[in-house]
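Colleague: Can you put the model up so we can go through it? I have a few questions.
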Amino acid sequence: MDTSKLLLCYNKGCGAKFNPDENKEDSCIFHPGPPYFHDAYKIWKCCNKKSTDFSTWLSFEGCTRGPHNPDKPCNDVPKVLLSQPEVDEKMIVWNGLNKPAERSEAHNRERVSLSVQMTESSCKALESELQRRKENVEIIDEIQNLKLLIGTGCTNNACKATYTGPETDLQECLHHPGNAIFHEGMKFWSCCERKTTDFGAFLDQLGCSRGKHCWTKVCFNFGNFFIFGGSLIYLTLNNNCCQ
């Protein structure tokens, strides 16, 4: 047989080569319907044969008989470009319809000074606070005038220095300014967070900050009242012997 005369059949599901001189009305078995893919299934719409495997789906025998088709289907869809006419740009003209409201000049405005009057209860609170402040200052003066005893220990965290005389105040204090934290078996200072499970090692940790020794802890919170421009101003002061 002369294979040069054989043509390829383009019917779906066939793909065989045939002799056009021997092409009869029932020579080809093919699928006339289009393929359909849905929910992982490959389906022939003409006979509803379906499979999830692509090779199995292609191997399904056709459901219709007819002559072989030597014409290759045309799958090219012509693309038509619709040309749109150019549109002139619209020009927006500002007509000044939304002008801001007219305002008077700042130098023409009348300035009115506001008067602040203190009530009777405010005056009593001021007198009470000034008296408390005076008493606190006297207490601080008494404590600062106390004579320190030889051997008094520094109250800063982790500092083990003791007072031996006025020259001790010139020494540098190595201490922890933070707080001691104990969490899930760990001991550490909040300022440097060097953690350990041994309490003795925690107490022996050298300080992470340098400053002055503090031989007596004194902490007072009191306020100052001032009258400035007719207004009552309250300032909070924190006095601590350790700076």
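Colleague: Leaving aside its neighbours within four places in sequence, which residues is K212 in contact with?
Modeller: K212 is in contact with N156 and C173 once those neighbours are left aside. Keep in mind that this is a predicted model.

Colleague: Where is K212 in the fold?
Modeller: K212 sits in the loop between β11 and β12.

Colleague: And is K212 buried or exposed?
Modeller: K212 is exposed, because its relative accessible area is 62% and the cut-off for exposed is over 50%.

Colleague: How far apart are K212 and L174 in sequence and in space?
Modeller: In sequence they are 38 residues apart, while their C-alpha atoms are 8.3 Å apart in space.

Colleague: Buried or exposed, for H213?
Modeller: H213 is buried, since its relative accessible area is 10% and buried means under 20%.

Colleague: What does H213 touch, not counting residues up to four places away in sequence?
Modeller: H213 touches C154, N156, C159, A161, T168, Q171, E172 and C173.

Colleague: A161 is in that list. Where is the place of A161?
Modeller: A161 is in the loop between α2, residues 120-144, and β8, residues 173-175. With a relative accessibility of 21%, A161 counts as partly exposed.

Colleague: What separates the C-alpha atoms of A161 and Q171?
Modeller: The separation is 9.3 Å, and the two residues are 10 residues apart along the chain.

Colleague: Change of topic: the cysteines. How many disulfides does the count come to?
Modeller: The count comes to 0 disulfides. Take C46, which is in no disulfide: the nearest cysteine sulfur is that of C63, 3.4 Å away.

Colleague: Why is C46 in no disulfide, then?
Modeller: A disulfide needs the two sulfur atoms within 2.5 Å, and the nearest cysteine sulfur to C46 is 3.4 Å away. As for cover, C46 is partly exposed, with a relative accessible area of 32%.

Colleague: Now backbone angles. What is phi of D39 near?
Modeller: Phi of D39 is near 50 degrees, a positive value in a residue other than glycine. A40 also has a positive phi, near 70 degrees, and is not glycine.

Colleague: Where does D39 lie?
Modeller: D39 lies in the loop between β4, residues 35-38, and β5, residues 41-44. A40 is found in the loop between β4 and β5 too.

Colleague: Are D39 and A40 buried or exposed?
Modeller: D39 counts as exposed at 59% relative accessibility. A40 counts as exposed at 56%.

Colleague: What is the lining like by class?
Modeller: The lining of the second largest pocket has 5 nonpolar, 5 polar and 1 charged residues.

Colleague: Last topic, the whole chain. How many helices and strands are there?
Modeller: The protein chain has 3 helices and 13 strands.

Colleague: How many of the residues count as buried?
Modeller: Of the 243 residues, 20% count as buried. The chain exposes about 19,800 Å², and carbon and sulfur atoms supply 52% of that.

Colleague: And what share of contacts joins residues at least 24 apart?
Modeller: The share is 45%, among contacts between residues at least 6 apart in sequence.

Key. Residues numbered from 1 in each chain as written. Predicted model: local features only at pLDDT ≥ 70, side-chain atom pairs only at ≥ 80, totals over all residues. Heavy atoms only, no water. Helix = DSSP H or I, 4+ residues; strand = E, 2+ residues; numbered from the N terminus. Buried < 20%, exposed > 50% of the residue type's maximum accessible area, 1.4 Å probe, protein only. Contact = heavy atoms within 4.5 Å. Areas by Shrake-Rupley, 256 points an atom, 1.4 Å probe, with all protein chains shown as cover. Nonpolar A, V, L, I, M, F, W, Y, C, P; charged D, E, K, R; others polar.
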